Amino acid sequence: MPRDIPPLAEVRRITEKKRDAWWTVMLVDPVATPLVRWTARHTRATPNQLTWGAFLVGLGSAACFAQGDWRWLLLGAVLYHVSFIFDCMDGKLARLTGTGSVFGAWLDFVFDRIRVLVCSVALMGGQYARTDEVLYLWLALAVASLDSLRYIDSLEIFKIRHGMRKQIKARMRAARKAENQAELAFMEDLLRENPEADLETDRDTVAPLEPVAPLEPVAPLEPVAPLEPVVPLEATAAPVSAAAPAARRPAVVDLHQEFRRRFPWWVRCRNFLQRHRIRAHLISGIEFQMGVFIIGPAVDAVVATTVVSGALLLVFELAIIYKLLLSTRDFTRTIDSFDTADRIPATTSANS
């Protein structure tokens with residue numbers, strides 16, 4: 001008997017990420033989401049079983065790559081795409097049915113890395129056997145190294161950003177306890193939850209952020225000039241009658257203020273992409289894999305597509321690292337603003 005699964009539109013809302021790789025949004029989700037709904041309704045498949053299925057199909061892709069001939073390369077490219085569809089389906093099924101697990105997330109991550117390693121060795125090894133070109137052996141090493149670099153770098157950047165947020169929240173909680181201040185929100189979260197908002201070019205579109213707009217700065221933070229990352233959204237607040245009590249709203253800390261100020265054109269691009277669910281990191285690990293294991297074998301241009309995909313991945317990784325550097329400067333200014341605010345009451349008390 002089929003399970004009681006919501007309509008496809010609701011399944012899309014539940015299972016599809018608000019921001020994802022453009023390859024996933026354009027070439028995977030249109031197929032994977034209906035398949036997930038059918039799977040949830042008519043089978044008892046679990047997310048871990050789909051993870052295993054993706055891994056086994058990926059091994060089949062590697063076996064095709066190892067043959068070296070273009071027809072086998074084309075079949076391997078098709079199988080790799082099918083493997084990636086299954087790989088996306090496991091997470092969607094977990095979100096739809098509530099059957100996800102911590103072990104399943106670990107299994108998915110590890111199998112992805114093994115699949116990339118095996119496929120890179122098979123693809124480049126097959127080409128080496130066909131041509132005796134040592135270049136393919138170096139390319140195998142480069143693909144495995146770049147994939148590892150991408151995901152290690154991603155995890156480390158996440159840890160650093162989480163640490164910065166944790167410190168700011170701790171300082172804000174202490175200040176709120178002492179001065180009864182508003183709650184705290186981060187600008188990046190507000191914009192992520194409201195992809196239609198375009199803070200830099202059209203402040204009227206930030207209206208959906210009204211429920212979390214900050215109050216006017218309160219003492220002792222009001223006289224502190226260095227508090228640049230706390231961005232007031234006065235223009236977004238709805239008129240309030242004199243008789244109505246002022247609502248307490250979170251203060252907004254912006255850890256990407258300097259980056260947006262330096263690259264306003266990129267902000268406009270990001271806003272456009274987010275409205276279509278596409279993340280601004282256009283060449284990530286997913287696009288890199290697709291270039292190496294799908295586009296290259298399909299057009300029989302393994303060397304060219306691998307080199308181009310690797311170069312683009314490095315460019316975007318360096319951009320992310322540079323953005324992190326600017327974000328740490330915003331973080332330092334925010335922490336310094338709390339320190340300055342802590343010194344002001346003491347100085348005032350001493351002079352009184």
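Let us begin with glutamate 258, which forms a salt bridge with arginine 333 in this predicted model. The closest N and O atoms of the two are 3.1 Å apart. This pair links distant parts of the chain, for glutamate 258 belongs to helix α8 (residues 257-262) and arginine 333 to helix α11 (residues 302-351), 75 residues apart. With a relative accessible area of 6%, glutamate 258 is buried, because buried means under 20%. Arginine 333, at 23% relative accessibility, counts as partly exposed.

A search of the whole structure finds 15 salt bridges. I shall present two others, both of which involve helix α5.

Aspartate 147 forms a salt bridge with arginine 113, and their closest N and O atoms are 2.8 Å apart. Aspartate 147 lies in helix α6 (residues 135-179) and arginine 113 in helix α5, so the pair ties together parts that are 34 residues apart in sequence. Both residues, aspartate 147 and arginine 113, are buried.

Arginine 115 forms a salt bridge with aspartate 112, at 3.3 Å between the closest N and O atoms. Here both partners lie in helix α5 (residues 102-131), three residues apart, which is about one turn of the helix. Arginine 115 and aspartate 112 are both buried.

Salt bridges also link Arg12, Glu16, Asp29, Lys92 and Arg277 in a network.

Finally, I turn to helix α4. How do α4 and helix α10 pack? Their axes are 7 Å apart, at an angle of about 150 degrees. The two helices are therefore roughly antiparallel to each other, and their crossing is left-handed.

Definitions and conventions:
Residues are numbered from 1 along each chain as its sequence is written. This is a predicted model: local features need pLDDT of at least 70, side-chain atom pairs count only at pLDDT 80 or more; totals for chains, interfaces and linings use all residues. Side-chain values use heavy atoms; hydrogens and water are left out. Axes are lines fitted to C-alpha atoms, for helices over the stretch in contact, and angles run from 0 to 180 degrees between N-to-C directions. Helices (H or I, at least four residues) and strands (E, at least two) are DSSP runs, numbered from the N terminus. Angles under 35 degrees count as roughly parallel, over 145 as roughly antiparallel, 65 to 115 as roughly perpendicular and the rest as oblique. A crossing is left-handed if the near helix is turned anticlockwise from the far one by less than a right angle, and right-handed if clockwise. A salt bridge is a side-chain nitrogen of Lys or Arg within 4 Å of a carboxyl oxygen of Asp or Glu. Buried means under 20% relative accessible area, exposed over 50%, partly exposed in between (1.4 Å probe, protein chains only).
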